[in-house]
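Work through the exercises below on aromatic contacts. Try each task before reading its solution.

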Amino acid sequence: MGPPRSKKRRPTFRRLLKTSSMKLDNKLKNRQMKQQNSAKKQRKEQKRIRQAVKGTALSVPRPLETYRKRPEEEEEEEFLESLPTDMMDDGDLQQMASFLSRDLSSCGPVHGGKKRKTEALPSYEKIPRKMARVEEKEVIHLLPIKDKTGVIPQSLERVKMNQLDEDDEEEETPLDAENEAEPQIAAPLTAEERERARAQTIRERKMSIARLASAVTSNPINNIKCVKQLRGMLMEAEPCVAVTVRKLVMVSLMEIFKDIAPTYKIRPLTAAEKAAKVKKETQQLREFEEGLVSQYKFFLEDLEQTIKDWKQKKRKRSQTVALDSYGSLARVAVRCLCDLLLAMSHFNFHNNIIVALAPLMNDSTKMVSEMCCDAFGKLFHQDKVGGASLAAVRVISGLVKSLNYNLRPEVLRTLLSLRIKEVHVKKDLHHTAPKMNKMSNKDKKNKLSRVQRKWKKAEEKLNQELLEAEALESKDKKIKLHTETLNIVFLIYFRILKKAHKSVLISAVLEGLANFAHLINLEFFDDLLNVLQRLIQSGDLTNRESLHCIQTVFTILSGQGDALNIDPLNFYSQLYKMLPQLHAGAPNNDIVIVLRCLDAMLVRRRKQVTLQRAMAFIKRLSMLSLHVLPNASVGILAANRATLHSFPKCDFLLDNEVQGSGFYLPELDQPEHCNAQNTALWELHTLQRHFHPVVRRLAVHLSHGAPSEGSAALGVELSRRLPAQLFEDYAMKDMTFNPPVAPPSHKKKDRFTIGTALLDADLQRLVNNILAVTEKAELDFTTTHTPTKHSHTQ
């Protein structure tokens, strides 16, 4: 039998091919791995060589000759020289020669194992090698050119630098970088140099701001991105100029937005409008409007954040701006918001500006509070439609309620600037009853024909188109806004009267009620009169506040309240009592309120006022005109003239004859019982010699009975003006007399002597005339009343 047959099958040709390809692939992979390993070893070896070169360059050994020889070595040398050489054999001499001829630069022992050679490398060997950069040219084929000769191909060569291996670049450290010296510390600048550098930096920033602002204003649609660059300068990082640059950028952005903002409010586009295809100009305008609104919003947020940081006294992480400098930055931000509140009342985010500025009206900083109050007052005055005023009044109402009525009176005095003249006033039931739609027979007869109805419809359509063309606001819409605004204002006033009638706001509330009293609804009259009467009788009010209460009451009664059956005798007595207590010096603003009260009490209610009451007021006002300033005297005499015209029987106060029994009691505070008919207006004789010409003219006019014609009649410039208007026309600066100042003297003199020395001849003569006339008037008054007393006694 033969050998056993092998169970292993022979591989087929196809399998042999497959295994051969796998072997080839494995061989290729092994070869690549070997190449990578060898390259890696080579790089490590090169790195080790470089480190060795660096260590050699840094630590160069000092030669042995520089060391001093020890005394033992010197003795050995002397001993060896002194030995005789003839006693040595050839082997000893040979060994001695080899010992003497060995290299002394090595520090190792002679019979050591392996020697280490530390040979010093030359200087050029210490510098690491660098591979030369080979420029590779890359050819770029361009479009060919056709000429008469044919097609000319064109190409462009571009230089491409060979890049070194990443590992080599990381490992390379040039010698210059290692040997470079430490950076030198700059010498500190002087104060003058620092100031010069700061001025130069500010000048550069100003030029940048001016360049960007000019680009935006010249072409806003294409250069709206410059606004973003300007906003970036609000975060100026250089501490020496940060505050100044931020202020300049704030003011510049404010002026830019005022210039480029449109005169309409920009609304966001709907999805259908964005999907619709539009013209290129329309798309460009849309992008400009979108960018403008977003940048304006970000700018307002920056201003508000500056104010918040100042109020919360936060310290910034960058510490670029000191905490003390945030006050000036915040004031500039408030000024910018106030200007935008007035100039951009039609634009987006106006309500946000109102919400940001309203709390600052009650700020403890007087400058900030005054700026905000003035801005809101101007906004109320220039708002003709009423939309912005309504939004501001709502925010102020919420502010008053949230602060629990603990705020400055100037906040409520801004409401006096509201331009509200006409509102929807609730009237009695007869006027408010719904009208019947049923037509009577007369209306049916007067019914329009078909042609007339057609013409009327066309006329209404034409009027509506004219209104749209003129862009006029609807009158009904304006009245509706004013009515809602006034309701909120009265709600503020009535809350304070009910819950905080002893606060400092009561003066502003009473002044506001006096200003808008003619617009109060009839249903509030009874409660309001009771509250005002209680306030006056409490005695907690000042003269000005009491005058505002009286003005409010009589404004109501002379307007819609004329139908009420009320006799406000207490308010007449209160005003009559307050007249001698008015200020006679420079702050005589209360005279204006007195004149308005007299017009509402005596002239408009002439049918409800008795003659005794009118004469008492005329006499007391004449006495008051003697010791007030000339402009107040003009207003009081004009009020007496209006009263004489309303009550013609009061002219017997100009006569010396007695009109009844009793004596005039000037100190009595009841105008009905002071017996004013038994006196005369002797004050007019004194006022006829007053130094002011208008006062003299009015005194002569009244002494003749206030005639409308003749030589004593007044001109048009005086007769057609109200007393309050005359008081405001003749200002104090036009009527005060400034006597020369007395020279300083160390001697004590009598007061009358000093006063006489100050007066010139004309003024002294005028004073003497006034004194003489006063004595004569008193003498006439005494002789007039003496017979009456004797006759009564008899």
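This is a predicted model: local features need pLDDT of at least 70, side-chain atom pairs count only at pLDDT 80 or more; totals for chains, interfaces and linings use all residues.

Residues are numbered from 1 along each chain as its sequence is written, and side-chain values use heavy atoms, without hydrogens and water.

**Exercise 1.** Classify the pair Tyr296 and Phe349.

Solution. 
1. Rings of Phe, Tyr and Trp (its six-membered ring) pair if their centres lie within 6.5 Å; planes under 30 degrees apart are stacked, over 60 edge-to-face, the rest tilted.
2. The structure holds 10 such pairs.
3. Here the centres are 6.3 Å apart and the planes stand at 40°, so the pair is tilted.
4. Tyr296 is in helix 11 (residues 280-312), and Phe349 is in the loop between helix 12 (326-343) and helix 13 (350-357). Helices are DSSP runs (H or I, at least four residues), numbered from the N terminus.

**Exercise 2.** Is Tyr296 buried or exposed?

Solution. 
1. Buried means under 20% relative accessible area, exposed over 50%, partly exposed in between (1.4 Å probe, protein chains only).
2. Tyr296 has 0% relative accessibility, so Tyr296 is buried.
3. Phe349, at 24%, is partly exposed.

**Exercise 3.** Describe the surroundings of Tyr572.

Solution. 
1. Tyr572 is buried, at 1% relative accessible area.
2. The charged end of Arg613 sits over the Tyr572 ring, 4.5 Å from its centre. The criterion: NZ of Lys or CZ of Arg within 6 Å of the ring centre and within 35 degrees of the ring normal.

Terms used: Helices (H or I, at least four residues) and strands (E, at least two) are DSSP runs, numbered from the N terminus.
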